[in-house]
Amino acid sequence: MLAKTLVEKIWAAHCIKDLGGIEDLIYIDMHLLHEINTPQAFDRLRSAKRPVRRPDLTVATEDHNTPTRSAVALEEDKVRRKQVDLLRSNCAEFGIPLFRLGDPGQGITHVIAPEQGLVLPGTTLVCCDSHTTTHGAFAALAFGIGTSQVEHVLATQTLRFQKFKSMRVTVNNQLPEQSSAKDLALSIIRSLGTGGGIGYVIEYAGSAIRGLSMEARMTLCNMSVEAGASAGLIGVDEVTVDYLTRTISASGNPPAAEEVERWRTCVSDPGAVFDKEIVLDGAAIGESVTWGTAPYQNIHFDESVPDIDDYEEPSQRQAVQRALEYMNLKAGQSLRDIPIDKVFVGSCTNGRIEDLRTVAHILKGRSVHPNVHMIIVPGSTRVRDQAISEGMDAIFRQAGADFRQLPGCSMCCGLNEDSMRSGQRSVSTSNRNYEGRQGVNAMTHIASPAVAAASAIAGRISRVADL
Amino acid sequence: MSRERISGYGMPLTRNDVDTDQIIPARFCYQPKRVGHSGSLFGNWRQDPSFVLNDPRYAQADILVAGREFATGSSREYAVWAIKDYGFKAVIAHSFGDIFYKNAIINDVLPVRTTEEGIRSLWEVLSRRPRAQISIDLEKDAITWDEGCVPLLMEAHYKQKYILNLDDIALTIQDQYSIAAYEAARNVHLATTLPSPGCRTLLSEPQL
């Protein structure tokens, strides 16, 4: 029998029909919705008088534009309120379950779906959000789609899709103790560039990946899209089985033995052939921070901000020049020379309980620098409640950090009240340092939760070792 | 004009890594409609009077010529809607973000790739002669103007999808019996979001 990659196995199990060699019709096991990219899809369903085929395989949450201090802010904001109201009325009309702001279980789509046990190995999952790649951590084929495709899935529970190309990124050895999955993700993106993954699904493999927790794997898969990849995923191992068994058993209904056996088959066969192979040394992954306006523009602490003269190609020189100008940085500067105004801990990349634990551990007994406003936004109400039960809210408060009560995307995408003012500079645990992402003319440095916490204390970009 | 060959005036967007946050910044994505986003296209960059969108020499342009890795990032279909509303019927780039590429074809905006050299040639001719007539020929795999020609790169199935411009949902609904048969044989252990017999459901109670 021909050795198959995990993606080939998932594809074969979901292919309903070969559409004449152009595309395949594939079944979608789970569909996540949020308030921003969906109203147009529901409008068209209504005008075509089409029902939602499987509301029981669909779930919605309010996350992108919602306030994080109190729900009252939403009542007072007409534009954002309208988007949320549309999601509420559309879900009610079409019978789709919805987690409203502040409800138990509400939070960022990519944080709540795994918490609710909705993401299982070997399944397909889509959402109108590019960071849907997160769910690949569970050996699921999960990818972001546009609004028209949302409408297609709502109406048919399928998508017409062309097969992806396959890439395996093998990370050998173990990460150094101070390095996290975020640093690994930034290093992989740096080696691939923004476009290196275009058209590919990346499978992450190797001992460094096996050594990551499920939360860390979600962080890594989340960032796959920043290398241009359609999706990223990791084969099942005992870490996956343990996490899923624990999560699902919490409902009082543990998974069936044959189902656990099925999970274990969700791996690439030995000898499976990938279109592209990349091998990295995990031991060489250092703490990384972006200096520019794209996630691949990142460096280690022992490197300095690059010079355009380091590059020959005119388009690269232009990109570096432009990024340096926007970020108001000079070639040769050290990361530690960059003072900051804001620190954001949260997002679908790093808004999980493990991330908050890392930050609390560093902040305990220390104080946020007086020039810095640090906000910590839990990825879900469950993450918030867990953090409070472990006493983290007190640690955050004593350190002078601003721990928010309502979960959501917040400062990651700058759609709620938490965006930065022009000229402000942040260290952010989110995923994108694009121009204007966190506010018009605001500057973003992407980093791990540990670097974000250390930077908040130091008032400039820093590592824990520097404190 | 046939769908295999379209012609128009080009606008050179001489930048690489133009992500969808630049094409339409998130704060402009609040109108719950598919149309009316023309004024939000490059919402931040167009505040700069020297930005190419404000250059009167390109006021008639209907083909956008971008660089490498155009429209990566956020899945927002608003990016295509804004480009289409502004009057662009095609985008030429060295490479595209995956989600944008599919969104473009679905919305009848033609996304075609060419080589890096091809992009440089097009930027050069458009900076010298803003009114050069650019033709995109899907049959001959060429992007041409009166004095030059660069290769057109587009996979056959995407070409066919663009040329046929069919309603995907209507087509898929024709296969509803195949979908129902697939569903009947589906693994009963998979998660559902609403209670149903024999199926596991959400751990928290959502609103209905």
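## Overall build of chain A

In this predicted model, buried residues account for 62% of the 467 residues in chain A. A residue counts as buried if 20 or more other C-beta atoms, placed from the backbone, lie within 10 Å of its own. Numbering starts from 1 along each chain as its sequence is written, and chains are lettered from A, with ligands numbered from 1, in the order in which they are written. Because the model is predicted, local features need pLDDT of at least 70 and side-chain atom pairs count only at pLDDT 80 or more, while totals for chains, interfaces and linings use all residues.

Chain A has a radius of gyration of 22 Å, which agrees with the value near 23 Å that a compact globule of 467 residues would have. Here the radius is taken over C-alpha atoms, and the globule rule is 2.2 Å times the number of residues to the power 0.38. The C-alpha atoms fill a box of roughly 55 × 55 × 45 Å along the principal axes.

One open sheet has 3 strands in the order β1-β2-β8 (chain A), paired antiparallel, where pairing needs at least two DSSP bridges between strands. In chain A, β1 (15–19) and β8 (158–161) stand at the edges with a single partner strand each, so one side of each has no neighbour in the sheet. Between β1(A) and β2 (residues 23–27) of chain A there are 4 bridges, and A:L19 stands opposite A:E23 in β2(A).

## Domains

Chain A divides into domain 1 (6–161), domain 2 (165–236 + 244–284) and domain 3 (290–466), with bounds from an automatic or database domain assignment. The C-alpha centres of domains 1 and 3 of chain A lie 28 Å apart. Their contact takes 22 residues from domain 1 and 22 residues from domain 3; two residues are in contact if their C-beta atoms, placed from the backbone, lie within 7 Å. On the domain 1 side, helix α5 (residues 109–115) of chain A gives the largest share, 4 residues.

## Meeting chain B

Let's turn to the partner chain. The contact takes 72 residues from chain A and 54 residues from chain B. On the chain A side, the largest share, 6 residues, comes from helix α6 (residues 147–156) of chain A.

Key:
Helices (H or I, at least four residues) and strands (E, at least two) are DSSP runs, numbered from the N terminus. A residue is buried if 20 or more other C-beta atoms lie within 10 Å of its own, exposed if 12 or fewer, and partly exposed in between; C-beta atoms are placed from the backbone.
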